[in-house]
Amino acid sequence: MSRMIAVSGARLAVFHGNFVDTPSLGQLRNRETVSVGVSLTGADKGNIVFIKEGSVDPVADCREFDESLAAEEVVVVDGSGEAAFFFPGFVDTHIHASQYPNAGIFGNSTLLNWLETYTFPLEAALEHAEVAREVYEAVVRRTLANGTTTAAYFATIDAESTKLLARICSSRNQRALVGKVCMDQNSPDYYRETTEACLQNCRRVLSFLDQELKDPKIQPILTPRFAPSCSRELLLKLGQLSQDEGHLHIQTHLCETNEEISWVKSLFPECETYTHVYERFNLLTRKTVLAHCVHLTDDEARLIKAAESGVSHCPTSNSSLTSGECKVRWLLDQGIKVGLGTDVSGGFTCNMLAVARQAHLVSRHLAMREQNQKLRDHWKLSVPEVLFLATLGGAQALDMDEKIGSFEVGKQFDAQLINLKSPGSNVDIFAWQRPTLHINHANNRVRLPPGTTNEDLIAKWFFNGDDRNVSGVWVAGNPCHST
Ligand SMILES: [Zn+2]
């Protein structure tokens, strides 16, 4: 097994090994001994250009694809191994990069006092460039080490440090949506902008990304923090800005706690529900991702579905801040797009695998509460379903699924190489659990348990794995710098 080393002059990278992904909700696709060719130059740079199953010789596969390729123009990444597989990079649909130092610090708080006590003071401190640099370098390094190849980041209200976050993502080769937080009311005096200053700073970040950074992996995302911290005028202007700029990505929070919902009702009495506030100001679009959605009404779910907006389910945050349990199955049954978010630091970890495990458990808590026996199992999310939410589901929620989330020709190659037998791995695999070894039971005096399927091994990784199993990360076919 080897990592790819960037080679100048290479036109194609070929990744060789087992490939696992979730092309649809509940489907776990396992393709063994595959060559995946990725273009490193030209208009399709970073794209998967061929997938060959049953591959014997990856270099021959490249020549078969393009016979003009010389040997030195091909980079081979050998990911083969009895317990190794490529998996799509995780898509974190909701993470506050600025709050990373507070991961795990939330005491006994709930949303609104958590913001006042822990969050606003930390975010305000990031107006100092040296503090921002330390925090943003750390969070990008840590998310990459955990296999997150795409993140929808909240920064802070400060434009300069938001630009710095974008620069760091770009230089470390992480795909990111980067948002300057917008708020002009209901926050402490030391951490608030006027409506005008907020809009001006938003435009500065947009033009920086478009004119200076010019990295297609880094896109802007408009970020009204949540309805209570935005005036009507600000919400209106942000809706207009999104449309004027050709439909920008939008991220915000929605229906996280009941206390917050009551507050929104008192602030926006003219709106039927919390969701209607965003709808009224043209902020509910197919490029909008809404974090939490724990306490939606039927009407609100219908609005979200009609707008084709996505939901970011943040189960570690919802459990930590005692916000509630998002009814993910109910959302999925209505055809609403759902991804997973770490919501650092309402959530205590930026490890998406840990968040996926929590999503699995939260669905079981909902099942335990179901009185109708027949419906109990329906609430439960399976391992393949949750892995879908962590990858392609997240890509859908961000309206990026044409580009990322699974291994298909024409998509960008964003991947992590998982090795269950990496040094220090927390996953122990026993001899009879290796499907490739074909243990001869007839010659064995010991009665062994039945053989283990690939799906079982994926489940062992899902429940016991961590960053020690991530032995390589690539975005657009290029290795990421996680150390
Ligand atoms: Zn959040």
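Which residues coordinate the zinc ion? Select the ion and you'll find His94 (NE2), His96 (NE2), His253 (NE2) and Asp343 (OD) at 2.1 to 2.4 Å; donors here are N, O and S atoms within 2.8 Å of the metal (3.2 Å for Na, K and Ca), and water is not among the atoms, so sites may look incomplete.

Before going on: this is a predicted model, where local features need pLDDT of at least 70 and side-chain atom pairs 80 or more, while totals for chains, interfaces and linings use all residues. Residues are numbered from 1 along each chain as its sequence is written, and side-chain values use heavy atoms, leaving out hydrogens and water.

Stay at the zinc ion and look along the sequence: its donor residues are spaced H-x1-H-x156-H-x89-D. Pick His96 in strand E6 (residues 90-96) and Asp343 in the loop between strand E14 (337-340) and helix H12 (352-369); the pair ties together parts 247 residues apart in sequence. At 2% relative accessibility, His96 counts as buried (under 20% relative accessible area; exposed is over 50%, partly exposed in between, with a 1.4 Å probe and protein chains only). Asp343, at 3%, is buried too.

Next, select helix H5, residues 195-213 (helices are DSSP runs of H or I, at least four residues, and strands are E runs of at least two, numbered from the N terminus). Its buried residues include Cys198, Leu199, Cys202 and Leu206. Now show helix H4 (159-172), strand E9 (181-182), strand E10 (218-224) and helix H6 (232-244), which are among what covers them (contact means heavy atoms within 4.5 Å). Finish just after H5, on Lys214, with its positive phi of about 50°.

Terms used: Expected span 1.5 Å × (residues − 1).
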